[in-house]
Amino acid sequence: MTPAGAPAAVGSLAEGFAASVRAVPERVAVRDGLRSLTYRQLDARAEAMAAALRAHRPGPRRPVGVLLERSADMVAAALAVLRTGVPCMPLDPATPRARLEPLLRAARPSVVITAGEPATRLPAGPAVLRTDTDLPPAAAADSGPGPSPGFEPGPEADHRLGPEADHRLGPDAGFGPGSYPGFPSGPDADHRPGSDAGPPGPGLDAGPLPEPDAGFRPGPYPGFEPGPEADHRLGPDAGSGSGPYPGFPSGPDVDHRPGSDAGSRPGPYPGFEPGPEADHRLGPDAGSGSGSYPGFPSGTPAPGPSSAGPDVVPGRDTPAYTLFPPGAAGRARPVELSHGSVLELFAGAGNRHGFGSEDVWALSHSVALDVFVREMWGALLYGGCAVVVPRRTADDPRALLALLRSERVTVLHQSPGALRRLQAEDARTGSRRLPLRCVVLDGGRPRDGDLAPWRAAYGEAAPRLVTLDDDAAQATGSAPFALVGTGDRERLAAAGGIEDAYPVGDVQARLFLRSAYRAATDPACDLFVFRLRAAYDHDALTRAVARAVARHDVLRTSFRFAGRTEPLQLVHRTATAPVSVRDLRGLCPGDRAAEIAALAERERTEPFDWSAPPLMRCGAHLLDDGEFLFSVGFHEALLDGWSEQVLITEILADFWALRGGRGKPAAEPPAHRPADAVARERRARNDPSAAAFWSRELAGLRPTLLPWPAAGPAGTGEEPAGLCVVDLPPAESEALDEVARDHGATLDQVLLAVHARVLTDLTGRDEVVLGVETDGRDADGGAGRPVGVQLNVVPYRLRTCGRGWGELIRAVQDKERALEGVRNFPYAALGRLAGVREPTDITVACTRARGFDELVAATELHLLDAKTRVRTGAALRVEFVQDPFTRLLTLELEADERRADDERLEAVAELYHGAIAALAAEGTGRGRLPHSSGTR
């Protein structure tokens with residue numbers, strides 16, 4: 001049986017546990033050899049700890065440490081912490097004092113829950129809550145029924161279990177209602193779990209949801225209100241506000257209610273008012289603050305509610321755990337797991353693997369590892385039983401096998417090596433079939449033969465080998481509203497007209513923030529204008545655009561930054577994208593050019609309404625000689641470059657096919673949904689192994705920054721952008737292709753080697769960081785992937801000193817192989833891991849127009865000219881663009897003019913041109929690039 005609160009249906013871990021308490025209150029939730037607690041009893045124990053914890057007033061953004069012996073109380077303490085809405089920081093009780101000190105300094109927990117011998121090793125500093133002395137008498141009096149057979153408590157005890165030990169405990173073992181010491185019972189006892197235990201958190205309105213188009217006050221960018229003195233430069237501390245909208249302001253003077261009457265303060269962006277000290281500088285690192293939407297500024301934290309309810313109402317994106325990578329010490333930085341990242345692991349596992357309340361899960365790993373989090377919540381989310389395995393038992397295959405049999409364990413996490421040792425020991429000593437039905441592989445991919453010994457011994461009764469990560473990849477976001485909390489889901493269902501909803505992605509959130517602050521001069525419109533030779537058919541173009549809107553969720557999406565438990569994207573069932581048309585035929589060339597220039601200016605100054613999809617505008621300008629201009633503009637947070645090209649070519653192909661009233665079957669929607677990309681982004685952000693890799697990769701990093709400081713004030717929202725375009729000679733483009741073939745490399749890898757050499761020239765440093773832009777899609781070019789925003793910047797840390805071109809190209813290839821599997825880790829979080837503001841403020845992209853050559857080949861459309869206008873937040877953006885028809889290269893440099901004026905930008909272009917010319921000459925045997933000493 002799977003409880004009604006299965007992972008896909010709840011908004012937080014606390015809510016998931018509460019659902020299990022309601023579904024199976026008298027089933028055993030946890031046992032540790034000394035005692036056995038039912039879900040009702042575990043809930044009461046956790047609430048007693050939470051009440052004592054609230055008295056310490058834990059900070060909303062600082063974790064609470066748990067340093068307890070492996071026991072049922074260790075599980076209860078984690079539940080207590082999550083119930084208060086702050087992250088739990090589990091500490092292994094075997095951790096020596098010398099290693100505890102740097103971990104506590106790095107994480108800065110506000111309180112540490114501890115007891116017994118581990119408490120004696122706790123260094124001075126954080127406040128301490130002792131479960132053996134500080135809890136109320138009734139709660140502390142719980143001594144349990146005594147040890148279970150086969151367990152022997154005490155620091156020196158040998159916890160290996162004999163094969164005959166029987167530890168099966170259940171509701172009939174003498175622990176019925178009222179009989180368990182230290183737990184309240186009777187008609188007055190309140191065992192309501194989670195958020196039901198108190199009033200709703202601040203800013204949550206339990207009333208009906210407004211209509212889909214409601215929830216915004218007047219103004220071009222409802223929901224944002226910067227103060228007149230605010231410095232909007234984003235920094236590592238931005239976005240750490242508390243309250244229902246992490247990173248958004250809160251407090252007694254802030255009104256989060258949706259609707260046109262919400263908010264009372266003046267300002268161009270109603271409802272969004274950062275404090276005067278907020279630092280909101282925008283750039284590749286924007287969004288590195290804490291909270292579910294890193295990079296958004298915060299105001300005064302909202303006062304916490306009474307002790308009867310949680311201090312912070314957690315959402316799926318709220319941090320749930322603060323963990324350190326294995327072996328972390330010294331300057332190690334913690335890794336956060338959100339509520340949603342844990343829930344997503346199990347979103348489809350219940351159905352795929354049959355997890356339910358009959359399962360018994362072994363808690364056999366260190367409490368400080370993410371594997372233990374999986375073990376614990378695999379049991380508690382499905383109403384199963386969690387068996388705490390003593391450390392010595394977990395390390396001894398023979399003792400572990402005995403415990404698995406005596407405790408009737410059905411689900412076990414094991415690494416590939418530990419699994420091999422366990423099967424080998426069972427082959428030597430096993431006499432009875434194991435009750436295991438699932439072995440969850442921790443690390444690595446399942447391979448044929450992994451369970452061969454057990455399959456040979458037990459046949460069809462052998463356990464199955466599964467991985468939760470694959471479940472998350474397949475199940476997360478696969479169902480509409482799967483990433484949205486219960487409250488928001490119910491309100492959206494009641495409102496009608498919405499077919500899906502999911503959180504705003506980290507990159508999107510930063511782009512919306514940037515567009516809000518620069519709205520007066522640049523409302524974040526990516527504009528494309530194509531000059532085409534073909535007879536214009538307005539009906540065909542209108543139908544083609546309508547088909548694109550119907551096919552792609554993101555074109556029917558509005559954005560809500562107020563009135564929800566977190567900022568959301570709402571996918572409407574229908575949306576209309578009108579196509580404007582203007583006849584310029586007959587105008588003199590000067591007037592026609594002026595009108596076309598006015599088109600770009602109107603797009604630059606006209607804001608998008610975030611609440612009304614699509615955030616896209618299309619138009620046609622009719623010209624003489626059977627030509628017309630097709631223009632399409634998107635809000636920059638709607639589509640990335642890959643998506644813009646896919647969408648434009650799709651519209652033009654349909655336009656050609658539908659001319660003259662002809663028909664064409666509509667294309668099927670993409671196999672994946674935009675929500676899947678948001679889920680992947682969050683899984684990557686909360687992946688401890690990826691965070692551990694990047695902590696090592698970036699240790700001791702010196703950022704690679706544009707060497708010229710800004711000539712003027714920052715954060716005005718009016719930063720002009722300079723542009724320099726250099727068309728490479730055909731001979732050099734062809735020579736670079738030849739160099740790539742000779743070195744067994746891609747053209748992109750050769751161009752990244754050029755970029756690395758220029759960065760050395762520009763900065764005078766032998767070690768540089770390349771900020772490589774990626775769209776996060778698969779190597780297949782995104783087949784089946786939805787259009788949307790899947791952007792990231794991946795830092796390539798390279799040494800250039802003493803390396804010739806061949807060595808440098810190989811270094812780029814080696815780095816790309818090393819970064820496989822961790823490329824999706826959000827760039828915004830890397831600065832925190834490295835202890836710097838950002839690894840680099842110079843980004844590089846290697847792009848080629850996708851689909852236009854196929855479009856021209858499949859139709860008789862003649863693409864005569866194309867112009868684009870796309871803004872960047874980097875100090876310098878370098879883009880190598882390959883023409884789809886000629887395959888010739890163009891170098892485009894865009895920079896903040898306060899950092900690099902036209903003269904400097906041209907000097908940088910000369911560095912690239914010189915490096916490319918030298919490499920091309922070397923590739924054809926005509927020359928060799930001398931090593932530079934740092935051209936400034």
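Where does arginine 408 lie? I found it in the loop between helix H11 (397–406) and strand S13 (411–414). A reminder to myself before going on: this is a predicted model.

I stopped at arginine 408 for its backbone: phi is positive, about 55 degrees, although the residue is not a glycine.

I traced arginine 108 to the loop between helix H4 (97–107) and strand S5 (111–114). Buried or exposed, or something in between, for arginine 108? Its relative accessibility comes out at 49%, so arginine 108 counts as partly exposed; the cut-off for exposed is over 50%.

Next I checked for cis peptides. I noted one from proline 613 to proline 614, where omega is near -5 degrees. On the chain, I place proline 614 in the loop that runs between helix H18 (589–605) and strand S21 (616–622).

**Entry: a helix pair**

How do helices H17 and H19 cross? I took H17 as residues 538–551 and H19 as residues 641–658, and their axes come within 8 Å, crossing at roughly 135 degrees. That angle makes H17 oblique to H19, because roughly antiparallel would need an angle over 145. For handedness I wrote down right-handed, as H17 passes H19.

I then went looking for voids. How many cavities of 30 Å³ or more does a search of the whole structure find? I got six. The largest cavity holds about 380 Å³ of space. I listed 26 residues lining this largest cavity, and those closest to its centre are Ala677, Glu681, Val789, Gln790 and Leu791.

Which helices supply at least two residues each to that lining? I have helix H16 (506–517), helix H20 (674–685) and helix H25 (827–834). H20 gives the largest share, five residues.

Last, I sorted the lining of the largest cavity by class. My tally reads 13 nonpolar, eight polar and five charged residues.

Technical notes: Residues numbered from 1 in each chain as written. Predicted model: local features only at pLDDT ≥ 70, side-chain atom pairs only at ≥ 80, totals over all residues. Heavy atoms only, no water. 1 Å grid on protein atoms, 1.4 Å probe; cavity = no way out; pocket = protein on both sides within 12 Å on 5 of 7 lines; lining within 4 Å. Points joined across faces, edges and corners; volume = space filled by probe spheres on them. Helix = DSSP H or I, 4+ residues; strand = E, 2+ residues; numbered from the N terminus. Nonpolar A, V, L, I, M, F, W, Y, C, P; charged D, E, K, R; others polar. Buried < 20%, exposed > 50% of the residue type's maximum accessible area, 1.4 Å probe, protein only. Axes fitted to C-alpha atoms, helices over the stretch in contact; angles between N-to-C directions. Parallel < 35°, antiparallel > 145°, perpendicular 65-115°, else oblique. Left-handed = near helix turned anticlockwise from the far one by under 90°.
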